[in-house]
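Hi,

Here's the structure I promised to pass along.

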Amino acid sequence: MNDLFPKIMLSRSDGVIDLAWGHPSDNLHPLNDLKPAIDAIFTNQEISALQYSGYQGYGPLIESLSQYLSEEKSYTKTINPEELYIGYGASHGLDLACTLFTGEGNTVLVEEPSYYLVRQILIDHRLNIVGVPTDSEGMQIENLEQIIESLKGDVKLLYLIPSFHNPMGSVMSLERREKIIELAKEHDFLIAADEAYHLLYYGDPPPPTMATLDNSSTGCVVSLGSFSKILAPGIKLGWVQSKPNLVDKFTNSGSNFSGGNNNFAGAIVDIAIRKGILSKHVTRLKNTYKSRMEIMSAALKTHIPDAEFLMPQGGYYFWIKFPEEIDAMALEKLALNEGVTLRPGVAFSGQSLFPNYIRLCFALSDIEDISEGIHRLAQAYYKYVSG
Ligand SMILES: Cc1ncc(COP(=O)(O)O)c(C=O)c1O
């Protein structure tokens, strides 16, 4: 095999435990579980799966997804098929939202810190990115109001991750979600809510998605859902949840009108939903990730008492604060020497903030590797502090 053209994004070195990448682990991919869904396409001679898709996506999937979400505890109301557009995932949804609703030089507000890879999408669209300070619940409302005021209301888009934030793991309260929607209505900006982790809760469900809470008449929210974290990223499919008039904009966008989207994946996911494969898989993921999260928390408390963190309630990540004098980028190098990887906090900031923070992912490695990984991190940490 030629490493120049790898099959997957993730690259790992032998003997190194990866706590850096936010990808699901290989042994959790539902290859065998999806076999009946894939087989059904052949058994039923579902030839439409190979044709250009319907404009809004593969029709049966729009219906099965609307039912799946409507029955989900964390959605709290019926989600109609008219409120859904099928796309390639949360990243694609954001890219398309930028294409449709922003222009070069427009201002987009983002949480500080935020998901670092999304930044490039905003840069690709030549947007002016302005960070908004956060606390344990995400974007701080007072700061947000001040920033909007200082920009004289000249804000086009607000990107946020309300549930199980990447990297903070935080969940935004219902009150804060509602307040941000009020601000969007008042100042006429669009909220792009990245809900990639919304369905991965390990205790109580998070408050409803931002689009579910959107009480405006013409719509001020697009909620970006994804099958990447609940089924498999290689399926490369997701959805936009919004008011029907905004869904129409996605449906009528140029690239969609010209090429539609991935009908083959759409047909597989539709059958996976109807056969209960998706819900069974989500339950399995939640149980597995919950135990990995608990192991990581216990190992951190035992081996690195200096590491401060809030216990996440879902998603993939621990956001860890070390004492002020710790340089997480130096720690990253020492950790790699010990055979474990991490993401330094500055990677998630547009302003080089969070120099003494790190993000650890508990989704990619299994419990043995997580325990050993934290042990190695502790060795690196104590080497660092002892000079
Ligand atoms: C916050 C967030 N949004 C989006 C994505 C990517 O989602 P998708 O595969 O649906 O584009 C990730 C992946 O790590 C993520 O953490």
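In β9, S226 has G238 as its bridge partner. That's in a predicted model, where local features need pLDDT of at least 70, side-chain atom pairs count only at pLDDT 80 or more, and totals for chains, interfaces and linings use all residues. Residues are numbered from 1 along each chain as its sequence is written, and side-chain values use heavy atoms, with hydrogens and water left out.

Strand β8 (residues 221-226) runs antiparallel to β9, and four bridges join them. Strands here are DSSP runs of E, at least two residues, and helices are runs of H or I, at least four residues, both numbered from the N terminus. Two strands count as paired if DSSP finds at least two bridges between them. β9 also pairs with strand β2 (residues 84-87), again antiparallel and over four bridges, with L84 opposite Q241.

So what covers β9 (residues 238-241)? Both faces are covered: G238 and V240 on one side, W239 and Q241 on the other, are all buried (under 20% relative accessible area, 1.4 Å probe, protein chains only).

Then there's an open sheet of three strands, antiparallel, in the order β10-β13-β12. Its edge strands, β10 (317-321) and β12 (343-344), each pair on one side only. β10 and β13 (residues 357-361) share five bridges, and Y317 sits opposite C361. Helix α11 (residues 277-303) packs on this sheet, touching β10 and β13 (contact: heavy atoms within 4.5 Å).

Cheers

Definitions and conventions. Buried < 20%, exposed > 50% of the residue type's maximum accessible area, 1.4 Å probe, protein only. Axes fitted to C-alpha atoms, helices over the stretch in contact; angles between N-to-C directions.
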